Every structure is written in structure tokens, then in C-alpha cells.
Amino acid sequence: MPHSNPTEQELLKTILEPLLEDFQYWFSRSRHLLETERISFLSLQEQAELLERVKTNQQEVQTAKILFQATGKQAGIDTRALVPWHKLVAECWQVSMKWRSQQQENHPLP
């Protein structure tokens, strides 16, 4: 049975499309948390700056997704664009985990 290598377009559709969806999902969740909760271990300025970075990166991801769709899913994204998005998602995860941990400490289950 011959081994078929996926085409570049198939790889983009298989890898890039879900990756962009994941970035959108995590930025949306992070934005919601930062807009609706007071993160006590961040100063008001730190929280506002993190929220602004999330909004900016969320727009960048949306723009990349639109371009990807507009090119018939044939255009890739330079990894230099993906790395900052990944770092920001990781930073937001850390904030979210610490915030949830504090919430559990302040409101333990009976």
C-alpha cells in the first residue's frame, strides 16, 4: 500500500484551521474573565494591559483567519506570528489557574 503524503493545503486545513480556532477560543475566554472579574493579584493597570493585549491578539487571529478563508485555505501563517499568540495564551492560562485557585480558597466546597 503506497504511503501518501498530505499536500501542503491539506496540512494547512488539518493543522492551521483548528489552531486558529483554538486561539480564538482561548482569547475569548481570557477576555471574558478579564472583563468580568477583578483579578486581585494583578494591579488594575496590569489587568487592563493584559486585556488590551488579548483584544489586540484576538483581532490579529481573526484577521489571519479571514485571510486564510479568503485564499481558499491556501495561505499559511509565519510561525513568528504564532509564537506571541501561544505565549499570551500560556500567560492567560496561568492567570486563570491562579484566579481559580484563589476562588476555591476563598469559597471552599462544603
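I count a residue as buried when its relative accessible area is under 20%, as exposed when that area is over 50%, and as partly exposed in between, with a 1.4 Å probe and protein chains only. The model is predicted, so I note that local features need pLDDT of at least 70 and side-chain atom pairs count only at pLDDT 80 or more, while totals for chains, interfaces and linings use all residues. Residues are numbered from 1 along each chain as its sequence is written, and side-chain values use heavy atoms, with hydrogens and water left out.

**Entry 1: overall form**

I looked up the helices and strands, which are DSSP runs numbered from the N terminus (helices are H or I, at least four residues; strands are E, at least two). The protein has three helices and zero strands. Along the sequence I read the pattern α-α-α. The radius of gyration is 18 Å, well over the 13 Å that the globule rule gives for 110 residues, so the protein is more spread out than a compact globule. That radius is taken over C-alpha atoms, and the globule rule is 2.2 Å times the number of residues to the power 0.38. I also looked up the box that the C-alpha atoms fill: it is roughly 60 × 35 × 20 Å, taken along the principal axes.

**Entry 2: surface and charges**

Buried residues make up 28% of the 110 residues. The protein exposes about 7,900 Å², and carbon and sulfur atoms supply 56% of that area. Accessible areas come from the Shrake-Rupley method with a 1.4 Å probe; for residues, only the protein chains shown count as cover. For charges, I took Lys and Arg as positive and Asp and Glu as negative, leaving out His and the chain ends. Each charge is placed at NZ of Lys, CZ of Arg, CG of Asp or CD of Glu. The mean positions of the 12 positive and 14 negative charges are 2 Å apart.

**Entry 3: contacts and core**

A contact means heavy atoms within 4.5 Å. Among contacts between residues at least 6 apart in sequence, 79% join residues at least 24 apart.

Of its 22 residues, Leu20, Phe23, Phe27, Ile39, Leu50, Val54 and Trp85 touch the most other members. The elements giving two or more residues to this core are α1 (8-36), α2 (44-70) and α3 (79-106).

**Entry 4: single residues**

Is Gln24 buried or exposed? Gln24 counts as buried because its relative accessibility is 17%. I find Gln24 in helix α1. Beyond its neighbours within four places in sequence, Gln24 is in contact with Gln58, Val61, Gln62 and Lys65.

Not counting residues up to four places away in sequence, Ser30 touches Val54 and Cys92.

In helix α3 I looked up Val95, which is buried at 10% relative accessibility. Which residues does Val95 touch, not counting those up to four places away in sequence? Val95 touches Ile39, Phe41, Leu42 and Leu50. From Val95 to Glu17 the C-alpha to C-alpha distance is 26 Å.

Lys98 is in helix α3 and is partly exposed, with a relative accessible area of 44%. Lys98 and Pro108 are 10 residues apart in sequence and 15 Å apart in space, C-alpha to C-alpha.

Terms used: A nonpolar core is a set of buried Ala, Val, Leu, Ile, Met, Phe, Trp, Tyr and Cys residues joined through side-chain atoms within 4.5 Å.
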